[in-house]
Amino acid sequence: MNKRILIVDDSFYMRTMLKNMLTDAGYEVVGEAANGAQALEMAASTTPDLITLDVILPDNTGLDVLKNLRQIQPAAKVVMCSAVGQEVIVNEAIENGALAYIVKPFSEEKVLEIVGSALQNNDSEQSA
Amino acid sequence: MKTRDQEYRELFMAEALEYYDSMSRHLSELERNPDAVPALNELFRLMHNLKANARAMGFNDLGEVAHHLETLFGLIRDQQRTFSGPLTKVVFAGVDALGNMIRAVGAGQPLPDATALLDNLDRLVRGEEPVLEAEEAPESEEEANKKMELSDLVYIQVKKLDNLLNLVGELVIDRDRIMTLAQELDNPALLATAQHLFRISDDLQYSVMDARLVGVGVLLNKFPRVVRDVASAEHKEVELTLSGQDVQIDRNILQIITDALLHLVRNAVSHGLETTEQRLKAGKPAVGQLTLSALTERDDVLIQVRDDGRGIDTEAVRRKAIDRGLVSASTAATLNEKAVWAFLFEPGFSMAQQVTDISGRGVGLDVVKLALDSLGGQLRVESELGVGTTFTLVLPTSIAVKGALLVEVEERPYAVPLLHTDTVLSLHPGQISVVGGVLVTYFQEQTVPLVPLRLLLYDEGDGPLPLATRDDISGPQQVLVVNYNNRRLGLVVDRFIRQQNIVIKPLSKPLDTIDLFGGVTLLGSGQVCLVLDVPALTRLFLNKRP
């Protein structure tokens with residue numbers, strides 16, 4: 001079945017762009033969260049296969065959200081999303097279980113490549 | 001028509017202006033309290049977002065200024081710089097420059113030069129003193145006013161639009177009532193006002209309906225991946241072609257048919273299209289063609305799922321229908337192919353030889369039928385054995401207003417949605433025969449059963465209808481031919497009143513369980529008029545036919 005993705009980003013513009021890219025590629029976008037609280041709530045209610053997570057969010061840093069997400073939704077793969085300049089946070093995120101990161105501004109190709117391989121990782125782990 | 005680039009641009013502008021307003025607000029707070037951490041965090045985040053969005057749109061200078069300010073706010077937050085002295089001036093100038101740049105983007109003008117500003121921001125980041133020009137003259141009031149701009153884009157919840165639509169529905173009913181009163185009173189001034197009200201509320205109704213329209217593409221564009229997944233699970237080669245993504249339809253209608261369309265598409269790949277081997281053997285190209293298209297026809301939107309697969313095996317469906325006890329073998333033999341295909345949409349009816357993972361888990365095409373019935377839509381099937389099948393969903397553009405034909409039975413008006421009406425006939429007794437206790441007529445090379453609507457509506461009990469005889473017919477009969485699931489039925493009525501757009505209100509409890517009536521509408525005369533549910537009437541007739 002279609003892989004289900006939750007988008008977490010505080011910019012409506014970014015969410016729309018990501019959503020269009022992902023749905024055009026046939027993924028199902030199960031939710032869009034604009035802050036950390038929404039992200040946690042939606043991750044629990046929609047049980048996505050993958051979450052794209054912005055590193056800077058209004059109520060929380062993406063890093064705190066990531067740590068909580070890893071606890072409540074360990075099966076969901078997380079891909080960080082960030083503009084340049086936040087490499088420190090991104091590195092810390094990878095150490096905390098994020099699978100990959102997408103650097104803004106992103107190209108459609110790049111996003112699909114990263115999301116695709118992160119999900120691949122998901123499948124191989126399950127079948128192993 | 002809005003392209004995706006235009007949409008992105010509008011979103012970018014709307015959000016950038018919002019960010020700019022918030023930045024100005026947080027800056028004022030910071031001016032009062034230079035250590036306000038929440039304000040610093042917000043400014044940092046807003047700069048970060050504006051930078052990312054601007055770069056994605058290709059506005060690199062705008063992104064660059066936002067990037068420098070982001071870095072600077074990061075330093076202030078980490079207490080490596082303080083929000084004081086010359087830094088404050090540069091930051092204010094920076095945010096002003098962002099505002100000018102955003103407005104330039106909105107006006108489609110080239111972005112103002114920011115070299116001096118970037119240079120100063122660079123100095124501040126490095127810990128050097130900025131180079132400040134002489135104090136500028138304070139802005140004129142006119143210039144200050146210019147910056148008070150709001151986004152011209154509003155996001156709205158569908159729920160709010162639903163509410164608006166309901167209110168317009170009520171208004172239209174009152175409007176019709178006033179129109180009728182004005183005509184009855186024959187007061188020219190009142191009539192002129194009523195006519196003006198008529199035009200305005202008509203405009204209002206269409207404006208509200210228009211606000212709810214979305215492109216069919218938002219649904220169709222989800223299908224390439226679905227088709228790829230099903231095709232690979234079924235080991236088939238399928239090429240999907242989409243068309244008509246820009247056709248506009250009510251957002252809620254699109255939502256309601258999502259599952260139906262998903263089912264038809266999966267069904268087409270799993271059962272409609274053959275494997276590569278089978279196709280080659282049949283002399284067809286190896287790759288199966290699947291087309292999903294949307295088009296408008298009069299006031300309706302048509303969504304078609306077309307495959308060039310094996311087509312419907314009418315005889316196999318006929319056998320299956322007899323096996324399942326849906327029809328007697330003798331009756332089945334008389335049914336034409338469209339009538340046979342209608343069985344495909346009976347609950348639980350599946351032609352799948354083996355249940356696959358993707359489709360045919362005992363869920364038949366009846367989900368499609370249910371979704372369409374709930375919208376007052378129609379399903380058309382065309383198929384040729386060995387050549388392919390086309391399913392066409394006929395959908396109303398809007399859910400608010402339906403065209404209906406008003407008929408009269410025993411001095412009461414009833415409305416029949418036009419989507420289900422084929423034609424009206426005035427039949428002489430000679431054009432009507434009696435076959436097995438049922439009145440029939442021949443119309444377009446088809447035998448159409450006739451039933452007095454009075455009998456369906458007023459006949460008590462569950463028993464079969466009384467046997468019809470020639471004596472029942474005296475003089476010309478007014479017949480409304482309705483069509484449901486490719487079955488035609490002629491309803492004999494007393495007279496036709498007129499065709500009219502109606503706003504259907506659901507029946508309130510406990511009447512809402514009577515499925516013969518789809519709802520109720522108010523006529524201009526103030527008279528209550530029941531809206532007939534053609535699918536339910538057809539089913540009732542089939543159950544009660546003698």
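Guide: With contact: two residues are in contact if their C-beta atoms, placed from the backbone, lie within 7 Å. This is a predicted model, in which local features need pLDDT of at least 70 and side-chain atom pairs count only at pLDDT 80 or more, while totals for chains, interfaces and linings use all residues. Residues are numbered from 1 along each chain as its sequence is written, and chains are lettered from A and ligands numbered from 1 in the order in which they are written.

Visitor: How many residues of chain A are in contact with chain B?

Guide: 20 residues of chain A are in contact with 23 residues of chain B. Helix α1 (residues 12-24) of chain A gives the most to the chain A side, with 8 residues. Helices (H or I, at least four residues) and strands (E, at least two) are DSSP runs, numbered from the N terminus.

Visitor: What is the pattern of chain A along the sequence?

Guide: The pattern is β-α-β-α-β-α-β-α-β-α, with 5 helices and 5 strands.

Visitor: How is burial read?

Guide: A residue is buried if 20 or more other C-beta atoms lie within 10 Å of its own, exposed if 12 or fewer, and partly exposed in between; these C-beta atoms too are placed from the backbone. Of the 128 residues of chain A, 45% count as buried. In strand β1 (residues 4-8) of chain A, 4 of the 5 residues are buried.

Visitor: Which strands of chain A pair with β1(A) in the parallel sense?

Guide: Strands of a sheet pair through backbone hydrogen bonds, either parallel or antiparallel. Two strands count as paired if DSSP finds at least two bridges between them. β1(A) pairs with strand β2 (residues 28-33) of chain A over 5 bridges, and Ile5(A) stands opposite Val29(A) in β2(A). β1(A) also pairs with strand β3 (residues 50-54) of chain A, over 4 bridges; there Leu6(A) has Ile51(A) as its bridge partner.

Visitor: What is the strand order of the open sheet in chain B?

Guide: The order of its 5 strands is β2-β4-β5-β7-β6, with mixed pairing. The edge strands, each pairing on one side only, are β2 (238-243) and β6 (378-384) of chain B.

Visitor: Which strands does helix α10 of chain B lie across?

Guide: Angles run from 0 to 180 degrees between N-to-C directions, and axes are lines fitted to C-alpha atoms, for helices over the stretch in contact. Helix α10 (residues 223-233) of chain B lies across β2 and β4 of chain B, at about 165° to β2(B).
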